[in-house]
Amino acid sequence: MAGTSRLRLLFCTVMFVAAVGLAAGVAAVGSGEKGPDLGPILSAETILASQPADLVARLMEKSVLVMQEVRVEGAMRGGIVSTYVLFEKPIDEVYELLAQPQRQVEFRPELKSVKMIEQGARGPVDEQRLRILFRRYVYRLVYALFPERHRIEWLLDERFDNDLAKVSGFWQL
């Protein structure tokens with residue numbers, strides 16, 4: 001990967017559990033419920049070196065790789081989505097875009113609207129409306145922004161009657 005000094009890797013992982021029915025393959029999660037364990041920031045090259053060769057080859061070919069696991073049975077039916085994105089924009093420019101959750105409608109076609117409900121201690125609380133196949137879901141997310149680490153975390157706002165039972169996740173640039 002020589003000559004890729006501007007190469008950046010965006011990693012997002014999300015877990016979602018539908019409260020009613022199956023929410024097939026969109027929102028994402030897995031940051032953990034204990035709060036941020038931010039650790040050292042790893043370079044794209046270091047992260048990719050730890051991944052299977054076939055995953056790296058697909059990512060390098062397409063610049064975007066989405067992997068999902070979906071459970072269709074049991075009380076915790078839902079899924080985990082992990083996304084790797086390579087980009088050559090300045091990291092601060094990408095972080096600025098991702099730190100504005102209302103702009104997600106620009107690059108997530110299943111997301112129909114995002115409305116900021118309040119400003120929390122580390123970021124906004126947003127209400128999101130999405131459509132997957134023939135189902136509509138309304139839920140609220142609490143964001144925690146860590147600009148110094150180029151990390152954004154989110155989890156379901158438990159104060160709201162959400163259509164999803166569990167959503168949490170993070171963007172790590």
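**Exercise 1. Determine how many aromatic pairs the model contains and classify the pair of Tyr 143 and Trp 154.**

Solution. The model is predicted, so local features need pLDDT of at least 70 and side-chain atom pairs count only at pLDDT 80 or more, while totals for chains, interfaces and linings use all residues. Residues are numbered from 1 along each chain as its sequence is written, and side-chain values use heavy atoms, without hydrogens and water.

Step 1. Rings of Phe, Tyr and Trp (its six-membered ring) pair if their centres lie within 6.5 Å; planes under 30 degrees apart are stacked, over 60 edge-to-face, and the rest tilted.

Step 2. Tyr 143 belongs to strand S6 (residues 135–146) and Trp 154 to strand S7 (residues 151–156), so the pair ties together parts 11 residues apart in sequence. Strands are DSSP runs (E, at least two residues), numbered from the N terminus.

**Exercise 2. Describe the pair of Trp 154 and Trp 171 and state whether each residue is buried or exposed.**

Solution. Step 1. This pair is also tilted, with 6.1 Å from centre to centre and 55 degrees between the planes.

Step 1. It links Trp 154 in strand S7 with Trp 171 in strand S8 (residues 164–172), 17 residues apart.

Step 2. Buried means under 20% relative accessible area, exposed over 50%, and partly exposed in between (1.4 Å probe, protein chains only). Trp 154, at 8%, is therefore buried, and Trp 171, at 12%, is buried.

Step 3. Tyr 143, Trp 154 and Trp 171 form one aromatic cluster.

Key: Helices (H or I, at least four residues) and strands (E, at least two) are DSSP runs, numbered from the N terminus.
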